[in-house]
Amino acid sequence: MNSLVEENYLKALFHLSKNGVGDVNVKELSQHLEIKMPTVNSMMKKLAEKGLVHYESYKPLRLTEIGVLKAALIVRKHRLTEMFLVDKMGFGWEHVHEIAEQIEHINSELFFDKMDELLNYPKIDPHGSPIPDREGRFETINYKKLSEFMAGDEVEFSAVTFSSEEFLIYLNSKDLRLGDRLKIKSIENFDGTMEVIFLKNQKHEFLSQMVTNKLLVK
């Protein structure tokens with residue numbers, strides 16, 4: 001069984017490596033976790049001894065096959081918890097991350113399997129991210145950033161790349177929800193500000209490029 005700190009490292013590597021596929025450098029991991037590089041290197045050696053990370057000095061890090069599986073199962077617990085808090089307990093999507101950060105470390109497969117069953121085996125969490133199954137498998141969803149589309153395009157808001165409380169509260173203020181269909185009316189050449197029409201109520205909104213870069217659509 002891995003410690004809470006080890007699990008946080010595995011989860012960070014999973015996210016930074018694009019779901020365990022790519023390499024991650026130590027500096028990137030250090031900055032992401034806000035932990036000094038010597039401490040990160042020490043933990044990587046420990047995880048390498050456990051067969052969870054490929055580690056060599058001055059070379060990129062890569063999760064091993066078992067490391068990817070363990071990381072995916074931590075992510076599964078986190079995203080299932082977020083979904084349970086929203087779907088069954090009535091939390092807003094902006095308030096679930098910190099709670100899930102604590103619950104994800106509970107070491108009980110039965111607990112999370114029952115949660116999965118009660119939710120009727122959801123495929124995505126409240127922020128549109130895929131939920132791994134109990135074998136660590138998940139569907140790859142090919143979303144694009146809203147900022148990549150052109151005036152006249154119609155899209156469906158499907159996920160966010162950034163789920164901070166402040167950002168989600170901002171989206172709430174715009175009444176923007178997963179599943180909403182949008183039509184792009186215009187895009188400012190100067191700064192990329194986008195005027196969109198909500199097809200559910202024909203409301204017009206202006207979204208900065210910083211925002212459209214964080215919205216994933218299909």
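Is Lys88 buried, partly exposed or exposed? With a relative accessibility of 45%, Lys88 counts as partly exposed; the class runs between buried, under 20% relative accessible area, and exposed, over 50%, using a 1.4 Å probe and protein chains only.

The model is predicted: local features need pLDDT of at least 70, side-chain atom pairs count only at pLDDT 80 or more, and totals for chains, interfaces and linings use all residues. Residues are numbered from 1 along each chain as its sequence is written, and side-chain values use heavy atoms, with hydrogens and water left out.

**First stop: salt bridges**

Next, select Arg137 and Asp133, whose closest N and O atoms are 3.2 Å apart in a salt bridge. Arg137 is exposed at 54%, whereas Asp133 is partly exposed at 24%. Both belong to a network of salt bridges that also links Arg76, Glu109, Asp113, Asp116, Arg134 and Glu135.

Then move to Lys174 and Glu205, a salt bridge with its closest N and O atoms 3.2 Å apart. Lys174 lies in the loop between H7 and strand S5 (181-187) and Glu205 in strand S7 (203-207), so the pair ties together parts 31 residues apart in sequence. Helices (H or I, at least four residues) and strands (E, at least two) are DSSP runs, numbered from the N terminus. Lys174 is buried at 17%, and Glu205 is buried at 14%.

**Second stop: aromatic rings**

The whole structure contains four aromatic pairs. Rings of Phe, Tyr and Trp (its six-membered ring) pair if their centres lie within 6.5 Å; planes under 30 degrees apart are stacked, over 60 edge-to-face, and the rest tilted.

Select Phe14 and Phe138: the ring centres are 6.2 Å apart and the planes stand at 70°, so this pair is edge-to-face. Phe14 belongs to helix H1 (4-16) and Phe138 to the loop between helix H6 (109-118) and strand S3 (144-145), 124 residues apart. Phe14 is buried at 1%, while Phe138 is partly exposed at 26%.

Finally, select Phe167 and Tyr170, with centres 6.4 Å apart and planes at 20°, so the pair is stacked. Both residues lie in helix H7 (165-173), three residues apart.

Key. Salt bridge = Lys/Arg side-chain N within 4 Å of Asp/Glu carboxyl O.
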